[in-house]
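Let us take a friendly walk through a protein model. Please have the sequence and the 3D view open as you read.

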Amino acid sequence: MITAYVMVKGNSGDADRIRSAIEAVEGVESAHIVAGDVDFIAKVVVDTPAAVKDVTATRIQGLEGVADTRTYIAME
Amino acid sequence: MRFVIIGSGRVGVRTARVLREEGHEATLVERDGDLTRRARADGFTVVRGDGSREGVLEEAGIESADGLGALTDDLNVNFTACLIGRHHGCRTVMRIDEEHREEIYRKYATEVDDVVHPERLGAMAAKNALLGGSIRAIADVAGGLQLVELTVTESAPVKGYTMGELELPADARLLAFGKADDELGLPTPDESVAVGDRLVVLAEFPALEDVRRLLIGEMPTRAVAGGERR
């Protein structure tokens with residue numbers, strides 16, 4: 001299993017909807033609205049490194065209201 | 001009143017200066033050496049350090065402050081400073097950096113009493129100046145809803161009519177009316193509209209253009225001399 005933390009920057013104020021949309025992506029375990037220079041942090045748990053890329057680059061980045069993502073893969 | 005201002009960059013120092021001019025006391029907190037020196041040379045009390053650290057804020061007198069303005073360009077510092085300020089019973093104001101975050105912080109950051117977005121306020125002022133003084137945006141009340149003050153011009157179609165005869169677009173409401181040299185008040189139906197009178201209208205963005213055309217007329221080719229100054 002691979003765990004990754006995804007920092008998500010939004011470009012729209014309807015944070016509730018975006019958070020729900022992120023959480024609805026398969027492989028996303030949880031998503032929170034956070035204060036600071038990113039707007040959400042999502043925890044992703046998937047089987048392979050390739051799946052991390054699919055969840056973040058394709059699925060999360062494709063959501064309306066998401067401007068950018070940055071992914072950190074947990075080593076331990 | 002006593003205030004602690006985090007960040008002595010352009011926004012922080014100007015805020016401290018305005019507070020000082022109005023007889024309040026402001027202590028600045030600044031991480032950067034150059035900015036600290038510059039603010040001190042300007043006569044401000046500056047505590048050098050990280051505004052997201054409680055010890056630094058205590059040194060700046062957070063315990064006895066009435067309000068905290070977290071005005072750096074670092075959102076993490078600003079938000080943490082507000083958390084600490086709230087813990088000490090301060091009113092907290094946080095500077096944000098992007099449009100969409102205004103709504104997010106207003107809704108979710110219960111520790112933050114108010115948010116300011118200097119760039120957007122600057123853009124509003126620039127727009128008012130460009131439009132030549134006959135329309136002035138007061139505030140964005142909500143997404144898509146704006147409060148504006150319009151000054152009736154010589155070419156305004158509404159000139160000579162009374163308040164009661166005034167028909168605004170459906171997505172707009174007249175909130176206040178003031179004769180040229182008088183204060184704004186609640187509009188009454190018998191008052192007539194003359195050049196220089198001011199109307200405060202709450203309108204949806206798409207209706208603003210119609211409101212402007214009705215109350216001001218076509219865009220003046222030249223800005224009204226003197227413009228709006230307050």
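Is B:Asp74 buried, partly exposed or exposed? B:Asp74 is partly exposed, with a relative accessible area of 25%. Here, buried means under 20% relative accessible area, exposed means over 50%, and partly exposed lies in between (1.4 Å probe, protein chains only).

This is a predicted model, in which local features need pLDDT of at least 70 and side-chain atom pairs count only at pLDDT 80 or more, while totals for chains, interfaces and linings use all residues. Residues are numbered from 1 along each chain as its sequence is written, chains are lettered from A and ligands numbered from 1 in the order in which they are written, and side-chain values use heavy atoms, with hydrogens and water left out.

**Salt bridges**

A salt bridge is a side-chain nitrogen of Lys or Arg within 4 Å of a carboxyl oxygen of Asp or Glu. Over all chains, the whole structure has 24 of them.

| Pair | Closest N and O atoms |
|---|---|
| A:Asp39 and B:Arg101 | 2.6 Å |
| B:Arg31 and B:Asp74 | 3.9 Å |

Start with A:Asp39 and B:Arg101, which form a salt bridge. A:Asp39 lies in the loop between β2 (28-33) and β3 (40-46) of chain A and B:Arg101 in helix α5 (residues 99-108) of chain B, so the pair joins two chains. The helices (H or I, at least four residues) and strands (E, at least two) named in this report are DSSP runs, numbered from the N terminus. A:Asp39 is buried at 1% relative accessibility, and B:Arg101 is buried too, at 0%.

A polar atom of its side chain lies 2.9 Å from the backbone oxygen of A:Asp37. That is a polar contact: a pair of N or O atoms within 3.5 Å, where within protein one must be able to donate a hydrogen and the other to accept it, and residues adjacent in sequence count only if both atoms are side-chain atoms. Leaving aside neighbours within four places in sequence, B:Arg101 is in contact (heavy atoms within 4.5 Å) with residues including A:Lys9, A:Gly36 and B:Leu75.

Now return to B:Asp74 and its salt-bridge partner B:Arg31. The pair links distant parts of the chain, 43 residues apart: B:Arg31 sits in the loop between β2 and α2 (33-41) of chain B, and B:Asp74 in the loop between β4 (67-70) and α4 (75-87) of chain B. B:Arg31 is partly exposed, with a relative accessible area of 48%.

B:Arg120 lies in helix α6 (residues 118-130) of chain B and B:Glu99 in helix α5 of chain B, so the pair ties together parts that are 21 residues apart in sequence. B:Arg120 is buried, with a relative accessible area of 14%. Salt bridges that share partners join B:Arg91, B:Glu99, B:Glu102, B:Arg106, B:Asp114 and B:Arg120 into one network.

**A charged residue without a salt bridge**

B:Glu30 is in strand β2 (residues 25-30) of chain B. B:Glu30 is buried yet has no salt bridge, and the nearest side chain of opposite charge, B:Arg31, is 6.0 Å away. For charge, Lys and Arg count as positive and Asp and Glu as negative; His and the chain ends are not counted. What does the side chain of B:Glu30 reach at 2.8 Å? It reaches the backbone nitrogen of B:Asp32. The backbone nitrogen of B:Ser8 lies 2.7 Å from a polar atom of the B:Glu30 side chain.

**Strands in chain B**

Two strands pair if DSSP finds at least two bridges between them. Strand β1 (residues 2-6) of chain B pairs with β4(B) in the parallel sense over 4 bridges, and B:Phe3 has B:Gly67 as its bridge partner in β4(B). On to β5 (residues 91-95) of chain B: 4 bridges join this strand to β4(B), and the two run parallel. Both faces of β4(B) are covered, with B:Gly67 and B:Gly69 buried on one side and B:Leu68 and B:Ala70 buried on the other.

Elsewhere in chain B, an open sheet of 4 strands has the order β7-β8-β10-β9, with antiparallel pairing. β7 (135-142) and β9 (172-178) stand at the edges, each with a single partner strand, so one side of each is left without a neighbour in the sheet.
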